[in-house]
Amino acid sequence: MGTKLSAEEAGAYEALDRLLFRQWDPIGVYEADGPDDEYRAYLPGFWELVRTGSPDARVVEYLAKIERERIEFETSDEHRMDVARKAAALVAAWRLPVRP
């Protein structure tokens, strides 16, 4: 990725990695017990969009472009929107202050 993440960011980054693998999973790698790094190449761009608060529609476009141009298998806009909303919720929870 190139940029060193804080411990808190690393936790959110890892959570988004799991989200891509377990929830987005356009080719069914998770269900087939495949390698958990299958979608990791797409994580830096996904992270940047979600971390910076890009609109859900922009995240959906990013996932759709990957599906069309790289994976060559598409899910649905509804599925991608569900993933985008879950990602936004994960990052929002990560940003919540922790009580001392």
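## Burial of Val60

A residue is called buried when its relative accessible area is under 20%. Val60 has a relative accessible area of 9% in this predicted model, so Val60 counts as buried. Val60 belongs to helix α3, which covers residues 56–71.

Leaving aside residues up to four places away in sequence, Val60 is in contact with Asp77, Arg80, Met81 and Ala84. Ala92 lies 32 residues from Val60 along the chain, and 18 Å separates the C-alpha atoms of Val60 and Ala92.

## Model confidence

The mean pLDDT of the protein is 93. A score of at least 70 is reached by 93% of the residues. Confidence is lowest in α1, where the mean is 94, and highest in α3, where it is 98.

## Aromatic pairs

The structure contains five aromatic pairs. One of them joins Tyr13 and Trp47, with 5.4 Å from centre to centre and 75° between the planes. Planes over 60 degrees apart count as edge-to-face, so the Tyr13–Trp47 pair falls in that class.

This pair links distant parts of the chain, its two residues being 34 residues apart. Tyr13 sits in helix α1, residues 7–24, and Trp47 sits in helix α2, residues 43–51. Ring pairs also bring in Trp94, giving a cluster of Tyr13, Trp47 and Trp94.

Are Tyr13 and Trp47 buried or exposed? Tyr13 has a relative accessible area of 15% and is buried. Trp47 has a relative accessible area of 2% and is buried as well. Both values are under the 20% cut-off, which is why both residues are classed as buried.

Asp17 is located in helix α1. Its relative accessibility is 10%, and because the cut-off for burial is under 20%, Asp17 counts as buried.

Which side chain does the side chain of Asp17 join in a polar contact of 2.7 Å? The partner is Arg40.

Technical notes: Residues are numbered from 1 along each chain as its sequence is written. This is a predicted model: local features need pLDDT of at least 70, side-chain atom pairs count only at pLDDT 80 or more; totals for chains, interfaces and linings use all residues. Side-chain values use heavy atoms; hydrogens and water are left out. Rings of Phe, Tyr and Trp (its six-membered ring) pair if their centres lie within 6.5 Å; planes under 30 degrees apart count as stacked, over 60 as edge-to-face and the rest as tilted. Helices (H or I, at least four residues) and strands (E, at least two) are DSSP runs, numbered from the N terminus. Buried means under 20% relative accessible area, exposed over 50%, partly exposed in between (1.4 Å probe, protein chains only). A polar contact is a pair of N or O atoms within 3.5 Å; within protein, one must be able to donate a hydrogen and the other to accept it, and residues adjacent in sequence count only if both atoms are side-chain atoms. Contact means heavy atoms within 4.5 Å. pLDDT is the predictor's confidence in each residue, from 0 to 100.
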